[in-house]
Amino acid sequence: MTRTALRDETAESQPAEGPVGGYDEQRVRVSNRAYSFAAWVRQALMPTGMARQLPTYMIIGFVSTLAYLLLFAILSMIVSSVTANATAMVLTTIASTAANRRFTFERTSRAGAVRTHLESMLVLCIALAITTVSLDLLPSATSPLTELVTVILSNGLAGIVRFVLLRTWVFNPRRAS
């Protein structure tokens, strides 16, 4: 379609009388409200910075989970599954908190590092409760594979809870470092 034909077709589709330029003010107002609502939904679902933080958190979480599962598998041959879970979780949380502090939430100064690790240990208590309860709900004669699957699933849930708490509390940008 040529430029002239397009211009003629556009001119024919616009009302001869009415708002200047063919814009309907009522429709524009509704569109602005719809855009504002869409922006609000987007902000609620993916707050500022989360699009960058989430993939980094997930990579660190994946590596941390692999280390946790390896430790859990080794330790559960020596001690009870609950003790193995707690030990592996504490050790990997220390490492993942340091990595998340540096790479996910970009805190590079030493200021606030002790507070960050202490608060992260409190968050660990919630994650530990989720995984421990999951393991305690299993029958006593459960196979190691079933324990491992239970730990993986409960760790996924704990990871989501942990990310929300780290983002909104431990590494909240409104808090002083």
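L70 is found in helix α3, which spans residues 50-75; helices (H or I, at least four residues) and strands (E, at least two) are DSSP runs, numbered from the N terminus. The structure is a predicted model, in which local features need pLDDT of at least 70 and side-chain atom pairs count only at pLDDT 80 or more, while totals for chains, interfaces and linings use all residues. Residues are numbered from 1 along each chain as its sequence is written, and side-chain values use heavy atoms, with hydrogens and water left out.

**Overall architecture**

- The secondary structure comprises six helices and zero strands, giving the pattern α-α-α-α-α-α along the sequence.
- Of the 177 residues of the chain, 28% count as buried; buried means under 20% relative accessible area, exposed over 50%, and partly exposed in between (1.4 Å probe, protein chains only).
- The chain exposes about 11,800 Å², of which carbon and sulfur atoms supply 67%; accessible areas come from the Shrake-Rupley method with a 1.4 Å probe, and for residues only the protein chains shown count as cover.
- Among contacts (heavy atoms within 4.5 Å) with a separation of 6 or more, 69% are accounted for by residues 24 or more positions apart.

**Helix packing**

- Two packed helices are described by the angle between their axes and the distance between the axes. Axes are lines fitted to C-alpha atoms, for helices over the stretch in contact, and angles run from 0 to 180 degrees between N-to-C directions.
- Helix α4 (residues 81-104) packs with helix α5 (residues 113-136) at an angle of about 145°, their axes being 9 Å apart.
- The crossing of α4 and α5 is right-handed; a crossing is right-handed if the near helix is turned clockwise from the far one by less than a right angle, and left-handed if anticlockwise.
- Residues of α4 including M89, V90 and T93 meet residues of α5 including L124, A127 and L128.
- Helices α3 and α6 pack at an angle of about 145°, with axes 11 Å apart, and their crossing is right-handed.
- That contact involves, among others, L54, Y57 and F72 of α3 and V151, I152 and F163 of α6.

**Salt bridges**

- Side chains of opposite charge can pair when their charged atoms come close.
- The whole structure contains two salt bridges, each defined as a side-chain nitrogen of Lys or Arg within 4 Å of a carboxyl oxygen of Asp or Glu.
- R52 forms a salt bridge with E106, with the closest N and O atoms 3.6 Å apart. This pair links distant parts of the chain, as R52 lies in helix α3 and E106 in the loop between α4 and α5, 54 residues apart.
- R52 is partly exposed, at 36% relative accessibility.
- E119 and R115 form a salt bridge at 2.9 Å, N to O. Because they are four residues apart in helix α5, about one helical turn separates E119 and R115.
- E119 is buried at 9% relative accessible area, whereas R115 is partly exposed at 22%.

**Surface patch**

- L70, I74, M77, I78 and V79 make a nonpolar surface patch of about 530 Å². Patches are made of residues with over 30% relative accessible area and no salt bridge: like charges are joined within 9 Å, and nonpolar side chains (Val, Leu, Ile, Met, Phe, Trp, Tyr) within 5 Å.
- L70 is itself exposed, with a relative accessible area of 54%.

**Surroundings of V161**

- V161 lies in helix α6 (residues 144-170) and is partly exposed, with a relative accessible area of 29%.
- Not counting residues up to four places away in sequence, V161 touches I126 and I130.
- V161 and I130 are 31 residues apart in sequence and 9.8 Å apart in space, C-alpha to C-alpha.
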